[in-house]
Amino acid sequence: MVDNQKIGLFIAECRKEKSLTQKQLGEQLHVSDKAVSKWEKGRSFPDISLVESLCEILGISMGELLAGERLGQENYQEKTDEMMMNFVVGGNKIWLMQLMMRAVLFGGLLFWIIPFWKRESIYPIANASTFNLFTFTCRFFACLLIIIYFYLDIKLPMRTYRNSNAAVEVLSTILYFGVVCLPSLDNLLKYPEERPLMIGTYAVLLVVCILAAIFRARRSRKKIDIEEI
């Protein structure tokens, strides 16, 4: 994983070597001095479109920027390859972590829905006032998983960045939609004459949900870009 703190200190060091203020460096890159300050404090990383210009202004290579230090000729290629790989893999790990968190929420929703589905298809005359160990167990695990998801979502870093991957958001939306629609599966089987209408309705709702997920991801991506300005 790229060390933003180390890179930030290196950017500040190189900037001072060039006798540039944060404002002057920002003006050359067409960003604000606040953006430069965030880089140097390790709170964010320069946008990929600015990296080449930043390196040119500071008189360093991209490999040195990612490494957060000056590199000698003897280990330059090895260190550059290592840092580039860590940069790519690190971003993938963040999105993989987000996908795993969404899987936890998916499990919680699934545990919550299963009692409804089983009671309708297997226990249609069950007395709702009777304690049902199966239902209680499902609801317990559902609440536990949902609480774990929201705890991790709040505590884990880079929340906006984690929500900016459209593929993860769309996949999560499809899974959630499938869980919510699970209890109505019996109606599709029992009333074949209503299948076209129900399938059409679900298809429209799914498309709307997917578009909303893509919009959320793009909004998060735009928010990240704005923070760099």
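## Walking through a predicted helical model

At 14% relative accessibility, M198 counts as buried, because buried means anything under 20%. Keep in mind as you look around that this model is predicted. You'll find M198 in helix α11, which covers residues 195-227. Setting aside residues within four places in sequence, M198 is in contact with S184, N187 and L188. Take L188: M198 and L188 are ten residues apart along the sequence, and their C-alpha atoms are 7.6 Å apart in space.

Now move to another methionine, M101. This one belongs to helix α6, residues 76-121, and with a relative accessibility of 3% M101 counts as buried.

Two packed helices are described by the angle between their axes and the distance between the axes. Here the pair is α2 (residues 22-29) and α3, with an angle of about 110° and axes 8 Å apart. Angles from 65 to 115 degrees count as roughly perpendicular, so that is the word for how α2 and α3 lie relative to each other. Which residues make the contact? On the α2 side they are Q22, K23, L25, G26 and L29, and on the α3 side D33, V36, S37, W39 and E40. Sort these residues by type and you get four nonpolar, three polar and three charged.

Stay with α3 for a moment, which runs over residues 33-40. Its buried residues are A35, V36, S37, W39 and E40. Just after this helix comes G42, with a positive phi of about 80°.

E40 deserves a visit of its own. This residue of α3 has a relative accessibility of 9%, which means that E40 counts as buried. What does the side chain of E40 make a polar contact with? Its partner is the side chain of R15, at 2.5 Å. Leaving out sequence neighbours within four places, E40 is in contact with G8, L9, I11, A12, R15 and Q22.

R15 turns up again in the surroundings of L25. If you skip residues up to four places away in sequence, L25 touches R15, L20, V36, L54, I57 and L58. In soluble globular proteins, nonpolar side chains tend to be buried together. The largest nonpolar core in this model has 21 residues, and L25, W39, L54 and L65 touch the most other members. Elements giving two or more residues to this core are α1 (4-17), α2, α3, α4 (48-58) and α5 (62-67). Which of the elements gives the most to this core? That is α4, with six residues.

Finally, step out into the loops. S19 lies in the loop between α1 and α2, and although S19 is not a glycine, it has a positive phi of about 60°. Is S19 buried or exposed? With a relative accessibility of 62%, S19 counts as exposed. The loop between α2 and α3 holds H30. H30 also isn't a glycine, and its phi is positive, near 65°. A relative accessible area of 70% makes H30 exposed.

Methods. Residues are numbered from 1 along each chain as its sequence is written. Side-chain values use heavy atoms; hydrogens and water are left out. Buried means under 20% relative accessible area, exposed over 50%, partly exposed in between (1.4 Å probe, protein chains only). Helices (H or I, at least four residues) and strands (E, at least two) are DSSP runs, numbered from the N terminus. Axes are lines fitted to C-alpha atoms, for helices over the stretch in contact, and angles run from 0 to 180 degrees between N-to-C directions. Angles under 35 degrees count as roughly parallel, over 145 as roughly antiparallel, 65 to 115 as roughly perpendicular and the rest as oblique. Contact means heavy atoms within 4.5 Å. Ala, Val, Leu, Ile, Met, Phe, Trp, Tyr, Cys and Pro count as nonpolar, Asp, Glu, Lys and Arg as charged, and the others, Gly among them, as polar. A nonpolar core is a set of buried Ala, Val, Leu, Ile, Met, Phe, Trp, Tyr and Cys residues joined through side-chain atoms within 4.5 Å. A polar contact is a pair of N or O atoms within 3.5 Å; within protein, one must be able to donate a hydrogen and the other to accept it, and residues adjacent in sequence count only if both atoms are side-chain atoms.
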